[in-house]
Amino acid sequence: MKVELQNYTPDPDRTAAHAALTCYSEDVPVKDEMPEEQVKEILDKIKESGHHSVIEHASFTFAVHDVSRALTHQLVRHRLASYSQQSQRYVDIDNFDPVVPDSISGDDKAAEIYSNFMEDVKETYEELKGLVPLEDARYVLPNATKSNIIVTMNARELWHFFSLRCCRRAQWEIRELADKMLGLVEEKAPMIFEEAGAPCIRGPCPESPEFSCGEPMSKDRKK
Ligand SMILES: Cc1cc2nc3c(=O)[nH]c(=O)nc-3n(C[C@H](O)[C@H](O)[C@H](O)COP(=O)(O)OP(=O)(O)OC[C@H]3O[C@@H](n4cnc5c(N)ncnc54)[C@H](O)[C@@H]3O)c2cc1C
């Protein structure tokens with residue numbers, strides 16, 4: 001998996017704080033004159049008060065390479081986002097190279113079963129491609145098939161996405177993606193994304209004891 005931050009709203013922290021300040025000013029304030037401390041003070045208040053719509057003014061576009069279709073299917077369930085995904089109708093998966101979960105590569109028997117099945121898929125897809133259009137041959141491709149996708153989300157949706165998908169109990173591949181995306185955006189918008197991530201870095205786990213992992217994450221998300 002490779003994740004790149006392709007584009008983002010310039011100066012995202014100040015852009016969001018400026019939007020908030022505009023709500024309470026007679027005239028539109030001058031954005032670039034807002035000192036760093038004022039930006040921080042406003043964003044802290046915004047988070048505390050729940051006036052979260054102002055962080056929607058900051059958007060981020062990611063290029064995500066070589067992830068499974070199992071991942072992209074989960075990702076696109078997040079509706080407040082824009083997506084452009086590699087087409088299996090127009091792009092020939094001629095170098096079929098599936099994603100292999102660690103649980104499978106780490107178990108000899110599982111790895112053999114998986115690899116045999118994937119070899120069969122590869123052969124079947126190749127055979128079908130000679131007989132029917134790609135859009136129909138692709139019906140034999142599994143969740144493990146690699147894909148590329150461009151994703152744009154605003155900071156409010158990213159906060160929500162990180163809350164769900166950076167959790168230790170999230171599925172491993174989408175969690176890896178969410179952790180990488182969070183690492184990229186916090187470099188550009190450290191104030192907006194301060195304390196973003198799994199809910200347990202901010203307070204108690206919202207899951208029931210049955211679903212909670214019982215191990216709250218540290219504030220820096222390293223443990
Ligand atoms: C651990 C986990 C397990 C899951 N298991 C399953 C499963 O078994 N089956 C399954 O189908 N899905 C499953 N999902 C997917 C889940 O149901 C959501 O579709 C996905 O997480 C997208 O999140 P969302 O709906 O909160 O928000 P998004 O689509 O990201 O939207 C953000 C927020 O906007 C608001 N919003 C968006 N659209 C609407 C709307 N139409 N009406 C009102 N408010 C809206 C909501 O407040 C929402 O939380 C799972 C997700 C997780 C994290």
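From the N terminus on, the order of elements in the chain is β-α-α-β-α-β-α-α-α-β-α-α. This amounts to eight helices and four strands, where helices (H or I, at least four residues) and strands (E, at least two) are DSSP runs numbered from the N terminus. The model is predicted; local features need pLDDT of at least 70, side-chain atom pairs count only at pLDDT 80 or more, and totals for chains, interfaces and linings use all residues. Residues are numbered from 1 along each chain as its sequence is written.

The C-alpha trace of the chain spans about 70 × 40 × 25 Å along its principal axes. Domain 1 (2-83 + 146-201) and domain 2 (95-140) are given by the domain assignment, with bounds from an automatic or database source. Their centres, taken over C-alpha atoms, are separated by 35 Å.

Helix α1 (residues 12-23) packs on helix α2 (residues 36-49) at an angle of about 70°, and their axes lie 9 Å apart. Axes are lines fitted to C-alpha atoms, for helices over the stretch in contact, and angles run from 0 to 180 degrees between N-to-C directions. The arrangement of α1 and α2 is therefore roughly perpendicular (65 to 115 degrees). The crossing of α1 and α2 is left-handed, the near helix being turned anticlockwise from the far one by less than a right angle. On α1, the contact involves D13, R14, A16, A17, A20 and L21, and on α2 it involves V39, I42, L43 and I46 (C-beta atoms, placed from the backbone, within 7 Å). By class, eight residues of the contact of α1 with α2 are nonpolar, none polar and two charged. Ala, Val, Leu, Ile, Met, Phe, Trp, Tyr, Cys and Pro count as nonpolar, Asp, Glu, Lys and Arg as charged, and the others, Gly among them, as polar.

For helix α7 (residues 155-165) and helix α8 (residues 172-188), the axes come within 9 Å and cross at roughly 140°. Helices α7 and α8 are therefore oblique to each other, and α7 passes α8 in a left-handed crossing. Residues L158, F161, F162 and R165 of α7 meet I174, R175, A178, L182 and V185 of α8. The contact of α7 with α8 comprises seven nonpolar, no polar and two charged residues.

Conventions:
Angles under 35 degrees count as roughly parallel, over 145 as roughly antiparallel, 65 to 115 as roughly perpendicular and the rest as oblique. Two residues are in contact if their C-beta atoms, placed from the backbone, lie within 7 Å.
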